[in-house]
Amino acid sequence: MIAARHAHRNGRHFNAAAPRAVIVGCGRSHRCDDQIGLLIADLLSVEPPPNTTVVRSEAPGADLLTEVAGADLVIIVDAAAARETVPPGRWRRIAVPRRDGRRLDVALQSLSGRRTSSSHLLGVGDALVISRDLGLLPSETWIYVVYAGSFGYGDELSGGVWESIREVAGRIQRDVREWMRLRSQRHA
Amino acid sequence: MSATRPITNGASASKGKGDGPASGTIEIREITRVEGHGNLSVRLDDGEITRLELQIVESPRFFESFVRGQRYDDVPQVVCRICGICSVAHTSAAVKAIEAAAGIVPTEQTILLRKLILFGEQIQSHVLHLYFLAVPDYLGVGSVIPLAKTHPDVVRRALRMKKLANDLCATIGGRHIHPISYRVGGFSHLPSIEQLQDIKTRLEAARSDLDQTVELFEDLALPDYRRDTEYLALKSDDNEYAFYDGRLVSSVDARPTAPADYRRRVIESVVAHSTAKHSRSSSSDSYAVGALARFNVNGDRLHPAARDAAHRLGLKAPCRNPYHNNTAQLVEVIHCTESAIELADRLLREGTRPGPIAGPTKFGRGVGIVEAPRGVLIHEYDLDERGRVRDANLIIPTSQNLANIEADMRDMVPRLLERNVARDRIAGRLEMLIRAYDPCISCATHFLDLDWVSP
């Protein structure tokens, strides 16, 4: 389930000649910390970075495939289960190493995890594997992972998670703007 | 004796006594490449089927209960969450039922836009099923993941068509699933002329992708199987191939039944092995709904381009082969694309005019029926004097097909055993049969785990 914020795509910020970024916030509504990606997408939708489409997705697989085509940068935001050594709220950024085939394989394998044969259960990793095989993988893919304490029913977030959501949304804003600036300089 | 050995697709099977197929049990755990969780259990004793159950093991979802007490205009936004693939159909059925209950008559422009978004949903759902779930069977790969390696052009084409259908739905409904501008009484937001023109241009450009899809399906060999059954679908009072409105007719009883009288046709019952109800009709113990049923009932009303495609694909009404539901889906993709082009053209010609959302003039009981991608979808609401839901009844296409799928399998398994078809191939046939109906148990999966265990 995916819902894109299209307004800015047709609005004053969108420039077809400039690099294009897509941000996909993944998660499940009303499933506690599993909402992390969706909430970050909601925050970013208020004032998206220029030339950026923000998408909130509850089943990113097949729909993610349709969104990445033509993008220069794809950012995926998702929750990951916290562990004893990694408490809820901690977050990290992973850059998918597109130019290094072996490292890319390892990265995609670890993201994909379960090899499903169902389109409806296609995960983020599966979508990236298919994108790579189709030659659709953008030149840069970043994944922001926020560690989650609970995937149960409800809207309650674990302690520290809301603060991380705001922090990650701000960081993505800055990172995309900086990427846009560097890309523009490179192509000037 | 009970033995289990692995067979194709991660399934497993075991033989009956004496290594023969005359006795044994087929246990299919987690039917996959369908939506949700279901199992298949078949028991054979001396060549006779003594048990055949398509077990639906999903938890009940209680939508009919939790819309009780909701305001009439909140209901479509709640019930469209029943499905992430056919949310437009659920919205349409709910809105139509509530408008019937509240005495609201939508404008012609509203109806055109509703038909247009419904075309978009049919295209996106059928393309997803055909390319992501069905085609891997016929091209001999396990799923769309290896398909991207072996047939990248096929997957690229599928993605282009799905994206176009998603964008069509988003243009009309505000987002591509769970539409937000599609309201009781009208649309809260209208597409711009530029958006309609863009969609029309892209639909026209999709014709070459459709042509190549027909070429692909011309080369696929579908199982040769047929069984007489009843096919139920909407038939419109004008000459349209019905998706948005019409009355219920069937291949057995062509007398039209008004939506409000659907209970005369659709008789639900509870079975012990399924959390989804089964349905029978007033004429048959089971019946089929979906693309093939629509084709059998309305085939002569298809767009000429879709009729040509049906001819190329060898699909001719009446078709009794359930595997050809996939073929009918493809024919419908072409019909919906051409019809959407015509509708977009008409809206561009006539222009879109914002108008007020029509309000209720009464509150009572109303029924709305549309053709969801998987078949006849029925919503019924009883509203109290304040416009809040007192009672609701929702009948989804898959629950109507379950008894018919079981009947197909009850007919097919002995035929396959008679022909000494290997058990792993029987498993494959059953998987493909269930998949051909494109069932939506709740949130799809792919293959079958099959156990064939001795009694």
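## Confidence of the model

Chain B has a mean pLDDT of 87, and 88% of its residues reach 70 or more; pLDDT is the predictor's confidence in each residue, from 0 to 100. The model is predicted: local features need pLDDT of at least 70, side-chain atom pairs count only at pLDDT 80 or more, and totals for chains, interfaces and linings use all residues. Residues are numbered from 1 along each chain as its sequence is written, while chains are lettered from A and ligands numbered from 1 in the order in which they are written. For the complex, the predictor gives an ipTM of 0.70 and a pTM of 0.84.

Two stretches of chain B have pLDDT under 50. Over residues 1-20 of chain B, where pLDDT stays under 50, the model has 56 contacts beyond four places in sequence (a contact means C-beta atoms, placed from the backbone, within 7 Å). Residues 442-455 of chain B also stay under 50, with 85 contacts beyond four places in sequence.

## Domains of chain B

Chain B is divided into domain 1 (5-60 + 421-453) and domain 2 (63-399), with bounds from an automatic or database domain assignment. Each domain of chain B gives 19 residues to the contact between them. On the domain 1 side, β5 (48-56) and α13 (423-436) of chain B each supply at least two residues. Helices (H or I, at least four residues) and strands (E, at least two) are DSSP runs, numbered from the N terminus.

The most comes from α13(B), with five residues. The residues of this side of domain 1 of chain B divide into 10 nonpolar, three polar and six charged. Here Ala, Val, Leu, Ile, Met, Phe, Trp, Tyr, Cys and Pro count as nonpolar, Asp, Glu, Lys and Arg as charged, and the others, Gly among them, as polar.

## Helix α8 of chain B

Helix α8 (residues 207-218) of chain B has 12 residues and reaches 16 Å from its first C-alpha to its last, close to the 16 Å expected at 1.5 Å a residue (1.5 Å times one less than the number of residues). B:Leu210, B:Thr213 and B:Phe217 are its buried residues, where buried means 20 or more other C-beta atoms within 10 Å of a residue's own, exposed 12 or fewer, and partly exposed in between, with C-beta atoms placed from the backbone.

Seen down the axis of α8(B), the buried residues fall within an arc of 55 degrees, so they line one face of the helix; the arc is that of the directions from the helix axis to the C-beta atoms. They pack against α6 (152-173) and α11 (325-350) of chain B. The face of α8(B) turned away from the buried side carries the exposed residues B:Ser208, B:Glu215 and B:Glu218.
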